[in-house]
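User: Please take me through this structure in short questions and answers. Start with the terms.

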Amino acid sequence: MSARRARIGDAPQEADPHIMQRIAKGEIGALGELYDRHRVPVHRFVARVTGHAEDVDDLVHATFLTAAKSAAKYDGRAACRPWLIGIAAQLVRRRRTAFVRFLAAIASATGQRATSVDPRATLDARSDIEKALTGLTEAKRMTLLMAEVEGLSCQEIAEALGVPIGTVWTRLHAARKEMRAAMEGTS
Amino acid sequence: VSTCPRRFEAEAMRDGRLGDAERASFERHTAGCAACAQEVAALEDLAEALREGGASADDLHARRERTRLLAAFDRELVTPPRPSPARRVLWPAAVALLVVGLFAFWRSRPPAFELPKAPSASVVVPVNEAVWSKRPDGEREKIVLERGELLIRVHHGAGERPLLVVLPDGELEDTGTTFTVTAEHGRTVRVAVEEGSVVLRLRDREPITIRAGAEWSAPSRPPAATPPHSPTEPTAPAAATRSAPAAAAPPPSGASPPLASSDFRAAMAALDRGDNAGAAAAFASFAARHPRDARAEDAAYLRVIALQRVGDVAAMKEAARDYLVRYPTGFRSAEVGRLSP
């Protein structure tokens, strides 16, 4: 099994900067390659940050489309996954601002509380870690995932979210503290 | 655990808040301080748990989403950028001047030779309600085929433009030929070349050159008992079979009889209502009864997820291995591979 997987993994793979150059020239196939390569982490990030909201697919779609439109400005870093995650984070933040306004309008009009949460999240949030993650605010959850799962530096997170680096440090500290408290409470 | 006044530095070090000297100092300190060493380990444990989580079965529409993304990008490419107000005024004037200049130049020079033919355009004949579009793309001509069959003829000429056919799972490059390409259920199933040659590039496969008179057919989905590299599923380079008669080619996978659909719906319903054991059995049954259905890979994958939710680790790993054997380059092979180390 491992030998076979290693053989598959050994296949020569085009570097991300080359793919971005091809996308900048308008090659649709190159965008398909970028999507195939990074869809899973981007989708996973967006799904976890938004609590598996119904518009996860649309956010992932918008992330890759935004990346394609900005391909000519790509800074040439070896792996573009952090860059894609940064775009996704910005889109989630913008969507949240608009979405909160929309929910507030609905709530005031109907007197009810609307929700966008997919019922499948109940199934997916089966582990303690996912439950604890769900308990964080979206800002803390996003910051923690960007740092610990996606491997972005605090400076990169600050630039992507448009906040001071001190805010990133504060959110990370609070998020870890709450996560550990929640995990200890369930164990 | 005893406390240590330097314990907070564990998180500071992790977040890059320590300078080189401070970091080296803390690392030396950690070697002899149990409290700080435990804090460093606890932070890493949390990160490791976060990295392991997040698996989701909610990516069934990934292939469709891929096609939607490529189509959206294609539309973006052909939509002209909105000019700035200044350009809006200047461009018409510049174009008018250019037209006048060219006309004057043309009138002043009698034709000394016959003008070459305009860059050739391809002729596309859709078959079987094909869903496709054709747009110029810089120096190339681009055809996007979502599904169905196209007969394409590219005229030869001095000014011909290369042709690129964008497929749901790859692309096909041509420089002047006549060929037929068919895509169904999100993948390319057949390419037949009458003259010239084409290069077929499919995801996760080596490029395949198909020459005049040759036909390439997608390998059929292997049945349940078929080993991964049996002759019925050749590897990519060998898949370009020469002159394989069209009638002998297997029917495109993905033909979904009503029974298959109802079986799949029943399995999904079991999964949705939390009957994970029943869902695992139903997906296994589906994969065995409908191995060539387009959803067979989904079924194999969802069986793994259902068993994971049941908590039967051994059965889950066995199902994961089964998935990887059947679909070694499958759409979810990376995710399933992590479940079956």
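Analyst: Buried means under 20% relative accessible area, exposed means over 50%, and partly exposed lies in between (1.4 Å probe, protein chains only). This is a predicted model: local features need pLDDT of at least 70, side-chain atom pairs count only at pLDDT 80 or more, and totals for chains, interfaces and linings use all residues. Residues are numbered from 1 along each chain as its sequence is written, chains are lettered from A and ligands numbered from 1 in the order in which they are written, and side-chain values use heavy atoms, without hydrogens and water.

User: Is B:V95 buried, partly exposed or exposed?
Analyst: B:V95 sits in helix 5 (residues 85–108) of chain B. Helices here are DSSP runs (H or I, at least four residues), strands are E runs of at least two, and both are numbered from the N terminus. The relative accessible area of B:V95 is 43%, so this residue is partly exposed.

User: How much accessible area do B:W91, B:V95 and B:V99 have together?
Analyst: Patch residues have over 30% relative accessible area and no salt bridge; like charges are joined within 9 Å, nonpolar side chains (Val, Leu, Ile, Met, Phe, Trp, Tyr) within 5 Å. Areas come from the Shrake-Rupley method with a 1.4 Å probe, and for residues only the protein chains shown count as cover. B:W91, B:V95 and B:V99 form a nonpolar surface patch of about 310 Å².

User: How is helix 8 of chain A oriented to helix 3 of chain B?
Analyst: Axes are lines fitted to C-alpha atoms, for helices over the stretch in contact, and angles run from 0 to 180 degrees between N-to-C directions. Helix 8 (residues 138–148) of chain A and helix 3 (residues 34–52) of chain B have axes 10 Å apart, at an angle of about 95 degrees. That makes helix 8 of chain A and helix 3 of chain B roughly perpendicular (65 to 115 degrees; under 35 is roughly parallel, over 145 roughly antiparallel, the rest oblique).

User: Which residues of helix 3 of chain B meet helix 8 of chain A?
Analyst: Contact means heavy atoms within 4.5 Å. Helix 8 of chain A brings A:L144, A:L145 and A:E148. Their partners in helix 3 of chain B are B:A47, B:L50 and B:R51.

User: How far apart in sequence are the parts tied together by B:E44 and B:R14?
Analyst: B:E44 forms a salt bridge with B:R14, with the closest N and O atoms 3.0 Å apart. B:E44 lies in helix 3 of chain B and B:R14 in helix 1 of chain B, so the parts tied together are 30 residues apart.

User: Is B:R14 buried, partly exposed or exposed?
Analyst: B:E44, with 32% relative accessible area, is partly exposed. B:R14 has 29% relative accessibility, so B:R14 counts as partly exposed.

User: What is the C-alpha separation of A:I165 and A:Q155?
Analyst: A:I165 lies in helix 10 (residues 165–186) of chain A. A:I165 and A:Q155 are ten residues apart along the chain, and their C-alpha atoms are separated by 6.1 Å.

Technical notes:
Salt bridge = Lys/Arg side-chain N within 4 Å of Asp/Glu carboxyl O.
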